[in-house]
Amino acid sequence: MAVTSSLASFSSSTSPFTGSNFCTNQPHTSPSRVSFRPFRVSAACASTAERPTSYTATLTSESSLYEVLGIQMGATCKEIKTAYRGLARILHPDVAGNGQREGTAYEFIRVHEAYETLSDPEKRADYDRSLYRRGRQMGSPFSMSAATATTMAAGYAAAGFSGRTRQRWETDQCW
Amino acid sequence: MDEPQYTVASDSETTGEEKSSSAFAEIAIGIDIGTSQCSIAVWNGSQVELLKNTRNQKLMRSYVTFKDEVPSGGVSNQISHECEIFSGVAIFNMKRLIGRVDTDPVVHASKKLPFLVQTLDIGVRPFIAALVNNAWRSTTPEEVLAIFLVELRVMAELQLKKPIRNVVLTIPVSFSRFQLTRIERACAMAGLHILRLMPEPTAVALLYAQQQQQTVHENMGSGSEKNALIFNMGAGYCDVAVTATAGGVSQIKALAGAAIGGEDILQNMMQYLLPNSEGLFLNHRINEIKLLGLLRVATEDAIHRLSSQSSVQVDVDLGNGFKIYKVVTREEFEQVNLEVFEKCESLVTQCLRDSKVDLEDLTDVILVGGCSYIPKIRNVVMAVCKREELYKEINPLEAAVCGAALEGAVASGITDPFGSLDLLTIQVTPLGIGIRADGNSFVPIIPRNTTIPSRKELLFTTTHDNQTQALILVYEGEGTKVEENHLLGYFKIVGIPAAPKGIPEINVCMDIDASNVLRVFAGVVMPGTDQPPFMEVRMPTIDDGHGWCVEALNRTYGSTLDLVTVQKKM
């Protein structure tokens, strides 16, 4: 599972996100990229494509916010921040090379929303409670039909986001 | 344009799309266009280097003179005496004027400047002119800025021996998106392509992030997170940012800013030194301009000296029988500028509150900009932050441009073998963006201090039975009423199915991408029906005369096309 492997790469002390490792890393075109972007490692293994499958593609719309950040439910605030920063270093559109790739902006938004909820003790408690009620669908204010969702996704796709990424993740935020 | 020195390369409205994708090969330079001074810096392969002009200056006065038909700016120009800048031939403070309409109080305050700023007070752009051969020759802030940028570009190209196209420009936090389009226009006129527009304190934050990364050499985010408050006050603007930094990532937590600065302090002091002079300068006669220029220079000098002395003597003969002989104490100075200092305090307080960072978690307080030398400003910021000391490892006048140059290198895809460029800034929107709904209320869809890129949506519904159209008015700002905010654009949604009021659901979605481009999507959400296509509108769409647009729309449509918010179902 991608989630498990990403978790390992963060919780282990041999995380590639050390100052010394950064020094040896080259930009996005060089082969050393693999070690610079640990999340892609797991994704790229499964894919032979030149551009590795994006990280959140391995997650479904049903993934919990913890899974989005690649952390365990009992993660400390520090771990949440560390995971968020690590993912930002990979997914933020300003990271060299991401500018041309579609969808990283969306992936970053998703990671940021997860971080925002989990780094706020009150929101996190609310979210944790909602996780237990997960069995039934959450009452969504955006109760759109499939046709609507497709229309909107098509509209948004024109803005540089892929239609596939139009998911119901906003409703997880209880806003 | 008549001037052969620059050509209009492209219209800003068409340049945004390529922002994030174009020209990664060449390095972007950092430019800090200050209200009073400007500077230019570039990553030289191992560190940031500030470029100097032929007179060995790293900080150049931001002005353009129109003396001899051919305009020339403060980069190349040799001014014989400072008063010459204030003789009417030079336009300066363009950053205070760009993108503002003539009902703006900042424009009104600029009417006391020695060049001509004429207002009609109807919500159109002011008339700005320089004195050329005893005639007021019109220009625009965009043109003045473009001339200046061309000089900077030529200077950089000569020194770096290669053409310069991409730039990272620092901007005030309080700039509206409309003002940003005017900055883009000026850059396009100068043949420059904006890779990033960086709010000034976030550029400083990036420099801070780099310094922390270099000194700490610690694992990313593992306990080395540092929160810093950055206070930046120059001649024209006051900006505050709170940033959380770890492992080279600068996460902006909150921004706050206002158009107050050294210029306000200067004008307050001029007023104090020469009271009842209000009407004196409004006719812009040659003698009066000269008098004003002398007063300006003397006052500026007094303010500078008051930073190190507790009192100064001002002794100046302005001509025309106006003489000033006065001792000004620091207490008087602080009293005269009380409002400015109070505003600074409220900006710091607001930014800290928005950032949700506790004072005890604040590692460093960083003061930059020309006004950071004023003891009262330092005391105010230290008092709010409950600090005895300020961060010392930063040059207050060069920090912003250094940060911009770092961002220029990072955004150009340059890497550094020692990891000095393993940096990332996570930006936030400084102002809320929303639409008019619930009568005249401003309903934010993307609130201020939202991390970008971002996408948020909100549901609205009709206010009349069988209302088939709705007007979407997009505003930016912090006021609860739309008239307190800045209009960005407007468009209409048609084809809403006839239904009782409150039934149709209209979804308005706002999207800010990584290049800070704002798009508004809007359309009817009606399951199972044949719906019209969604609207996608890139903002801002308005070009000029904001006040007029709203008045005309109100006159034509009244409240017939209004929307109200749909209460969230929890």
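This passage describes a helix pair in chain A and a four-stranded sheet in chain B of a predicted model. Residues are numbered from 1 along each chain as its sequence is written, with chains lettered from A and ligands numbered from 1 in the order in which they are written.

Chain A contains nine helices and zero strands. Helices (H or I, at least four residues) and strands (E, at least two) are DSSP runs, numbered from the N terminus. Of the 175 residues in chain A, 36% are buried; a buried residue has 20 or more other C-beta atoms, placed from the backbone, within 10 Å of its own. Contacts are pairs of residues whose C-beta atoms, placed from the backbone, lie within 7 Å. Among chain A contacts with a separation of 6 or more, 55% link residues 24 or more positions apart.

Helix 6 (residues 77-91) and helix 7 (residues 104-118) of chain A pack at about 170°, with axes 10 Å apart. Axes are lines fitted to C-alpha atoms, for helices over the stretch in contact, and angles run from 0 to 180 degrees between N-to-C directions. The two helices are therefore roughly antiparallel, the term for angles over 145 degrees. Helix 6 contributes A:Ile80, A:Tyr84, A:Leu87, A:Ala88 and A:Leu91 to the contact. From helix 7 come A:Thr104, A:Glu107, A:Phe108, A:Val111, A:Tyr115 and A:Leu118. These residues divide into nine nonpolar, one polar and one charged. Nonpolar covers Ala, Val, Leu, Ile, Met, Phe, Trp, Tyr, Cys and Pro; charged covers Asp, Glu, Lys and Arg; the others, Gly among them, are polar. Helix 7 of chain A is mostly covered, with 14 of its 15 residues buried.

In chain B, four strands form an open antiparallel sheet in the order 21-20-23-24. Pairing requires at least two DSSP bridges between two strands. Strand 21 (441-446) and strand 24 (486-493) are the edges, each pairing on one side only. Neighbouring strands are turned by 30° against each other on average, direction ignored.

Strand 20 (residues 432-437) of chain B pairs with strand 23 (residues 470-477) over four antiparallel bridges. Here B:Gly432 stands opposite B:Gly477. Five bridges join strand 20 to strand 21 of chain B, also antiparallel. B:Ala437 stands opposite B:Ser441 in strand 21. Strands 20 and 21 of chain B form a hairpin with three residues between them. In its turn, B:Asp438 has a positive phi of about 50°.

Note on methods
Predicted model: local features only at pLDDT ≥ 70, side-chain atom pairs only at ≥ 80, totals over all residues. Parallel < 35°, antiparallel > 145°, perpendicular 65-115°, else oblique. Contact = placed C-beta atoms within 7 Å. Buried ≥ 20, exposed ≤ 12 C-beta atoms within 10 Å, placed from the backbone.
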